[in-house]
Amino acid sequence: MGKILSTIVAFILAINTNTVVYEQKSIDKERQSRVVLENEIQESVVVDEIVAIKSPTISYSSSSSGWWTYPSDIKGTTRSGDDLLVLVNKEYQLPSKYTPSDLVSASLSGIRKGESFLLRNILINDLKELVTAATADGIDLSIRSGYRSYSTQVSTYNYWLSVNGGSISATDKISARAGHSQHQLGTAVDFSSSEIQDGLGGVFSSTKASVWLANNAWKYGFVISYPSGYESVTGYNYESWHYRYIGKTYAQEVHTSGIILELYLRSKN
Ligand SMILES: [Zn+2]
């Protein structure tokens with residue numbers, strides 16, 4: 001993934017240097033700041049964005065049933081951020097000051113790579129059960145993203161905005177604006193697996209781990225947020241790796257009803 005990011009950065013720099021005349025100093029400075037930002041993103045962020053960049057052919061017109069673009073009337077979330085059923089999407093935004101009250105190291109759940117990420121304590125026991133059950137079935141799971149702060153989301157969004165030459169519409173398809181990311185809740189997990197060397201993104205859908213999660217995650221309170229075939233409803237590309245914890249009782253309800261998480265949360269909003 002580092003290679004892909006480097007390629008993207010190199011490509012952008014190549015375009016810049018071909019079309020605009022900068023003094024060598026400023027180019028070096030820009031290169032330096034991009035590399036720093038790239039490292040930050042690799043440490044704290046994800047793939048949601050990178051994968052989407054690899055699938056630029058998917059597009060939805062503004063007249064489609066859903067929305068890729070944000071509505072003009074952005075509302076504050078109706079439930080508190082700590083409420084497992086709070087609806088956070090392109091219409092409902094978390095307060096900038098919202099930080100989950102019980103963040104702990106994801107490693108407490110026993111998931112591989114957990115030491116690098118924070119999650120809410122409320123889900124740790126259930127995630128531990130999930131990982132244990134997966135392991136018993138011969139499935140390896142790792143975590144590649146957990147809690148992401150409002151300010152991290154600001155820099156993430158701005159990074160992709162610069163990569164997209166300042167195009168807001170292009171950026172909105174691949175990166176959530178601050179306050180609109182489920183990762184700010186501390187209950188969203190981006191999974192990966194040793195099957196793909198803990199790689200990030202679309203390739204995860206080809207793993208046994210993704211099939212296992214699709215069949216079993218709900219038993220432990222986790223539900224996929226952006227399922228395949230519902231892109232115009234959720235406003236996001238299919239993300240086989242991104243799950244959100246809503247607790248066992250509600251997850252069972254979602255599973256039994258067959259409704260997708262986005263519509264379930266809207267019905268509770
Ligand atoms: Zn995610």
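## A strand in the middle of things

A residue is buried if 20 or more other C-beta atoms lie within 10 Å of its own, exposed if 12 or fewer, and partly exposed in between, with C-beta atoms placed from the backbone. Helices (H or I, at least four residues) and strands (E, at least two) are DSSP runs, numbered from the N terminus.

This is a predicted model, in which local features need pLDDT of at least 70 and side-chain atom pairs count only at pLDDT 80 or more, while totals for chains, interfaces and linings use all residues. Residues are numbered from 1 along each chain as its sequence is written.

**The overall picture**

- The protein has 10 helices and 8 strands.
- Of its 269 residues, 38% count as buried.
- Two residues are in contact if their C-beta atoms, placed from the backbone, lie within 7 Å. Among contacts with a separation of 6 or more, 65% come from residues 24 or more positions apart.

- The predictor's confidence in each residue is called pLDDT and runs from 0 to 100. Its mean for the protein is 81, and 75% of the residues reach 70 or more.
- Over residues 7-66, pLDDT stays under 50; the model has 56 contacts beyond four places in sequence for this stretch.
- Where pLDDT is low, the predicted coordinates should not be read in detail.

**The sheet around β6**

- An open sheet is formed by 4 strands in the order β5-β6-β8-β7, with antiparallel pairing. At its edges are β5 (142-145) and β7 (222-224), each of which pairs on one side only. From one strand to the next, the twist averages 45 degrees; here axes are lines fitted to C-alpha atoms, for helices over the stretch in contact, and angles run from 0 to 180 degrees between N-to-C directions.
- Two strands count as paired if DSSP finds at least two bridges between them. Strands of a sheet pair through backbone hydrogen bonds, either parallel or antiparallel.
- On one side, β6 (residues 188-192) pairs with β8 (residues 242-245) in the antiparallel sense over 3 bridges. Here D190 stands opposite H242 in β8.
- The pairing of β5 with β6 is also antiparallel, over 3 bridges. S142 has S192 in β6 as its bridge partner.

**The nonpolar cores**

- A nonpolar core is a set of buried Ala, Val, Leu, Ile, Met, Phe, Trp, Tyr and Cys residues joined through C-beta atoms within 7 Å.
- The largest one has 45 residues, and those with the most contacts inside it are F191, A217, F222, V223 and Y243. Two or more residues each come from α4 (124-136), β6, α7, β7, β8 and α10 (261-268). With 5 residues, α4 gives the most to this core.
- Apart from this core lies another, of 5 residues, among them Y157, V163, I174 and A178.
- Not counting residues up to four places away in sequence, F191 touches L141, I143, F204, A209, L213, W241 and Y243.

**Helix α7**

- A209, S210, W212 and L213 are buried in α7. Seen down the helix axis, the buried residues fall within an arc of 160 degrees, so they line one face of α7; the arc is that of the directions from the helix axis to the C-beta atoms.
- Among the elements that cover the buried residues of α7 are α4, β6 and β8.
- K208 also lies in α7 (residues 208-216). K208 is partly exposed, because 14 other C-beta atoms lie within 10 Å.
- Leaving aside neighbours within four places in sequence, K208 is in contact with I139 and E195. K208 and E195 are 13 residues apart in sequence and 8.0 Å apart in space, C-alpha to C-alpha.

**The loop between β6 and α7**

- Q197 is found in this loop, between β6 and α7. Its phi is near 55 degrees, a positive value in a residue other than glycine. Q197 counts as exposed, with 10 C-beta neighbours inside 10 Å.
- D198 lies in the loop between β6 and α7, and has a positive phi of about 60 degrees although it is not a glycine. With 18 other C-beta atoms within 10 Å, D198 is partly exposed.
- Most residues other than glycine have a negative phi.
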